[in-house]
Structures are given as C-alpha cells and as structure tokens.
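Welcome! Here is a short briefing to read alongside the sequence and the 3D view.

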Amino acid sequence: MLQLSPPACSLFRIALILALALGFILFASPAEPNIAPDALLYFHVQPLGAPEELCLSDIDWCGDMHPSTPEQGLLEFQVFIDPQQGIHGELPIPWLGGEWAWPDAWSPVSVAFCNGGDGWFDFTGGNPHVLQAAWPCEFIPDEMFLAMTVVFDVHGYGRLEPVGDPVLVLGCGGDQVVVTPVADFAEAGTECEYSSQPCRAGKWFCCEAEFDGDELAMRGRAGESAHAELGFEVADLCYRCSGLLHVHSDTPWLTGSIEDTANFWEFILVADADLADVPPGAYACELQVEEDSSIARCLPVTVNVDEASAVDEEVSGSSGSPPLTLRLASGNPFTGPFVWSYVNPAPAWVRCEVFDASGRKLAQLLDGEQFAGSHAIFWDAMDAGGRRVPPGVYAIRLSAGGVARSDRVVVVR
C-alpha cells in the first residue's frame, strides 16, 4: 500500500491552512455543520490516460460525468466540488476533509490535488482512509471545479465512497462557513449499476434502490411462467418515492412491478416471466428501477427455464380426501416469526424446508411422520445455524405423501 504526503516545499503552507481550518471547526463552528445542498461532491470515473493529464478535464457539468463503469485495471476517479455560490456567494475553499473507503482488492496508485490544491490521502491499512485537502485562499472557483483525482488498479466490482459525512470549509478569515456536502460514490467493475447522474441539488439519491441481494434467481417450466420477489430500500429521509419509481426490463417476456410495504422507505420488486414461447435454458436478464429524472439502478436476473418434464407435477391427495393445504397465518412482509397452518389429508412423512431467492436451502422446519389433520409450522426467520436471515424474499416448501405446496414470504428489517 502506498502512503502519500505533500511535497516538502508546501508543508508549511498546508499545515497553516489545516490548522486554521481545524481550529475553526472545533471552536468557531456550530455543533453541527449546515446541511446540504450547501455544497455538492460529484464523481467521474474513466480509464487512465497519460499521468501528466490527471488534473485536466473538460467536464463542467455533472451531466457529462459517468459515476459507473464496467472497466477494470488502471482507472482514474475524479472528484469535483460544486460550492453552490448561489447560496453563500463566491468564496474560497480552504479545506476538505473526511474518511473514505474502497475495496481491499483495489490497489491505490497515485493521487493528484488539482487547481492549486495540496493535501494528504492515507492509502495504508484498511478502511476507512483519511483525506485532508486544502486550496489557497486566493483560489475562488467561479463554478464546479475538479478538486482531485485518484488512480486505482481496480480488480472486481467495488465503490470509492465517503464514510460518514465529509466536511468542507468555505471562505477564509471571518467569512468561513462549514458545510456537509452532498456526496454519493463512484463504482467500477460492473455493467449493471447506475446508468445516469442526476443534475439537481437536494435529495439526489433519495429514491435510489438499494436491493437486499446482488441478483434475483427465477425458475419455471417452458410454456408456463415464473415469479420472484426481492425487497429494496430507499433513503429513509425520503417520503415521496411511492408512485415515482418505475421498472424497465431488457427482456420482452420479463416484466417487473413495485409493491409498497408498511414502511415508506421499503419496497418489493416483483418479477414475472411469461415462458409461453421461451425455450428451455438459462437466461441472463436485467431489471432497472428508476425514478423520473434521477438515477437508475440495475438488478441482474437469472431465469432458468426447465423442460416440462424436469419439474415434478404436484398432485392432489387420494380420491375422496381433501388436498394438502398450506396457509400463511402471520403478516407478510414481516420481521418474523412466521406461522403457517396446513392440513394433511392422510398420515404421511412430512418435510418442510426454507430456501432463499437463489434456491439455497437455509433451514429445515419439519422432517418426520405426522398424522392426518390440522397442523402449524413456525419459522423464526433464522437459518440452520441460528443466525437471523437478511432482509429478502424466501420460499417455504411443504411436502407430504408425494404432494408439495409452497409459499413465499418477505423478511424486512
């Protein structure tokens, strides 16, 4: 890992600026910084060009930025600051500080502080990493400007993002204002993440979907259909996402919809596949959840289509006897425990299992002989090891005497 520090010739200047800024933050600022949109941090990521071009950019509008890329290898992450002069007037920016994180698999290569800036970025050890940057008080940006650029050797998917709230000082001397700038993150190594960067102040990422899993798996028979669900959250400060979110599919026979829950920040993404004309096989698809004029977030969806004979037929009980029934007695979605009632038409060996959205078995609730009649199944939302399962969609499968029934539940926080 690499440790970077300012050149010796600028140590005194940087130390003086940082001391003044930190002194102001500790003794002269209010208990909490002013809340955004007092300032904005934007991100742009691109393949590395020539090293001497690190602080050169023709981007002057956030709509030209790409905060996500499928590329790996040597990538340049550019950080732009928009001080929002319309709020505070034209002020210098003497200091930016905070803690940042990135994947351990990424190797930092270099950092450059642009537009006359200088500073220190701790590349050693694990997350988080301390950033301190300063610009001379003579530098007064007239608009958004490129503040710094960091080069990583990227391996695998990951994000460069602030940990907690970054702090930005605006103004020098008696005109100083301390703000918490709005910031999100830049990501690399994936083709299915953000598709656009919103250009508006305020709650940019309020309706950004944070899924409860990395992908969604579906299974069905050719000529029939498949169904799956996955929970997701939005920023809990936002109460206007319901009705604003839309789902788009890159596959004609795969559709998505969104269901509300009891909590205004939690939703369920519902995926349905019409397999009437889809041949057997495995298909890689995408569903994209977006809010008007904001970012869109993609979710990879794997649809496995089986031959009609590849899935066992579910049959009713013997002639003249009531069929095996399964009914959820507790709420859904729910935090748990879940209770199902079922009726077994005849004495039989009964097995009940819980699976996650990818089909992985998590727990076995029943496995033994039972008499005919009414029974109950209890699941405390724990896996076989006694660990609470994460939020998401889970399937319960009940089988008795060659008959199988299934149900889905959504576990929320």
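pLDDT is the predictor's confidence in each residue, from 0 to 100. This is a predicted model, in which local features need pLDDT of at least 70 and side-chain atom pairs count only at pLDDT 80 or more, while totals for chains, interfaces and linings use all residues. Residues are numbered from 1 along each chain as its sequence is written, and side-chain values use heavy atoms, with hydrogens and water left out.

**Confidence**

- The chain has a mean pLDDT of 78, and 78% of its residues reach 70 or more.
- Over residues 1-37 the pLDDT is below 50, yet this stretch has 65 contacts in the model beyond near neighbours in sequence; a contact means heavy atoms within 4.5 Å.
- Residues 200-204 also have pLDDT below 50, with 16 contacts beyond near neighbours in sequence.

**The chain as a whole**

- You will find 2 helices and 26 strands in the chain; these are DSSP runs numbered from the N terminus, with helices being H or I of at least four residues and strands E of at least two.
- Of the 413 residues in the chain, 47% are buried; buried means under 20% relative accessible area, exposed over 50%, and partly exposed in between (1.4 Å probe, protein chains only).
- Take the contacts between residues at least 6 apart in sequence: 70% of them join residues at least 24 apart.
- The accessible surface of the chain is about 19400 Å², and carbon and sulfur atoms account for 53% of that; the areas come from the Shrake-Rupley method with a 1.4 Å probe, and for residues only the protein chains shown count as cover.

**An open sheet of 4 strands**

- Follow the order β23-β22-β25-β26 to trace this open sheet, whose pairing is antiparallel; two strands pair if DSSP finds at least two bridges between them.
- Its edge strands, β23 (361-370) and β26 (403-411), each pair on one side only.
- From one strand to the next, the twist averages 15 degrees; axes here are lines fitted to C-alpha atoms, for helices over the stretch in contact, and angles run from 0 to 180 degrees between N-to-C directions.
- Strands β22 (residues 348-355) and β25 (residues 392-400) run antiparallel and are joined by 6 bridges.
- Phe355 stands opposite Ala395 in β25.

**An open sheet of 3 strands**

- Here the order is β20-β21-β24, again with antiparallel pairing.
- The edges are β20 (325-328) and β24 (373-379), each pairing on one side only.
- The twist averages 20 degrees from one strand to the next.
- Between β20 and β21 (residues 338-344) there are 4 bridges in the antiparallel sense, and Arg327 has Ser341 in β21 as its bridge partner.

**Backbone spots to look at**

- Asn127 and Pro128 are joined by a cis peptide bond, with omega about -5 degrees; Pro128 sits in the loop between β6 (118-121) and β7 (129-134).
- Gln84 is not a glycine but has a positive phi, near 55 degrees. This residue lies in the loop between β3 (73-82) and α2 (85-88), and Gln84 is buried, with a relative accessible area of 18%.
- Asn115, also not a glycine, has a positive phi of about 55 degrees. Asn115 belongs to the loop between β5 (107-113) and β6, and counts as partly exposed because its relative accessibility is 38%.
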